Amino acid sequence: MPPRIVIDTNVLAGALISDSGTNREVLRRSLLGEYKPLISNALFLEYEDVTTRGDILDLCPATAGEIQDLVDALCSVCEWISIYYLWRPNLSDEGDNHVLELAIGGNAETVVTNNVRDFRTSQLRFPEISIMTPGELLGDN
C-alpha cells in the first residue's frame, strides 16, 4: 500500500510554476501511484483557488486548461477524506490547520509542504505524522 500523504497547496503551486524539481516529482509519483494523496473539501477548494490566481497563471508555463487537467488528474488519484472532528492544532498560520486536520483524519504518514516551520510549531503534537519538504520525502535532502 502506498504511503498516505497530504500535499500542501504550496507544493502544487511550486509544481505548476516550475517544469522540474521536487514539487513536480511529488505530483508525478502521486499520479503514478507511488503515494496515496489525501484530499478534503477545504484542501480541494484551496487547490481550486490557488490554481486560478492570476499571479500563479502568469508564472506557469502551462495554460489554464492544462492546469485544470492536472488538478483533475491529481484529484482522481486522491482519497477523499471527510473531516468530522476539528482538532485546531493552532498553527502559526491559521489557514494551515485544515491541512494537518486532514492528515490526522486520513491517517496520513506525511504532510508534504515547503513551509515545514509553520507546521512544526503546532500547539498540539502528532508525532506519528511527519512534516517534510518534497525533497525530504523523495530522499533528496
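Predicted model: local features only at pLDDT ≥ 70, side-chain atom pairs only at ≥ 80, totals over all residues.

Colleague: How many salt bridges does a search of the whole structure find?

Modeller: Side chains of opposite charge can pair when their charged atoms come close. The rule here asks for a side-chain nitrogen of Lys or Arg within 4 Å of a carboxyl oxygen of Asp or Glu. Searching the whole structure this way gives five salt bridges. One of them joins Glu79 and Arg4, with 2.8 Å from N to O.

Colleague: Which parts of the chain does that pair link?

Modeller: Distant ones: Arg4 is in strand E1 (residues 4–7) and Glu79 is in strand E3 (residues 79–80), 75 residues apart. Strands are DSSP runs of at least two residues, labelled E, and helices are runs of at least four, labelled H or I; both are numbered from the N terminus.

Colleague: Is Arg4 buried or exposed?

Modeller: Buried means under 20% relative accessible area, exposed means over 50%, and partly exposed lies in between (1.4 Å probe, protein chains only). Arg4 has 17%, so this residue is buried.

Colleague: Where do Arg28 and Glu25 lie?

Modeller: Both are in helix H2 (residues 22–31), three residues apart, about one turn of the helix. Arg28 is partly exposed because its relative accessibility is 40%.

Colleague: What is the closest distance between N and O atoms for Arg53 and Asp49?

Modeller: For that salt bridge the closest N and O atoms are 2.7 Å apart. Arg53 is partly exposed at 38% relative accessibility, and Asp49 is also partly exposed, at 38%. Elsewhere, salt bridges with shared partners join Glu25, Arg28, Arg29 and Glu34 into one network.

Colleague: How many disulfides are there?

Modeller: A disulfide is a covalent bond between the sulfur atoms of two cysteines. The test is a pair of cysteine sulfur atoms within 2.5 Å, and the count by this rule is zero. Cys75 is in no disulfide, and its nearest cysteine sulfur, that of Cys78, is 5.3 Å away. Cys75 is buried, with a relative accessible area of 18%. Cys78 is likewise in no disulfide, and is buried at 11%.

Notes:
Residues numbered from 1 in each chain as written. Heavy atoms only, no water.
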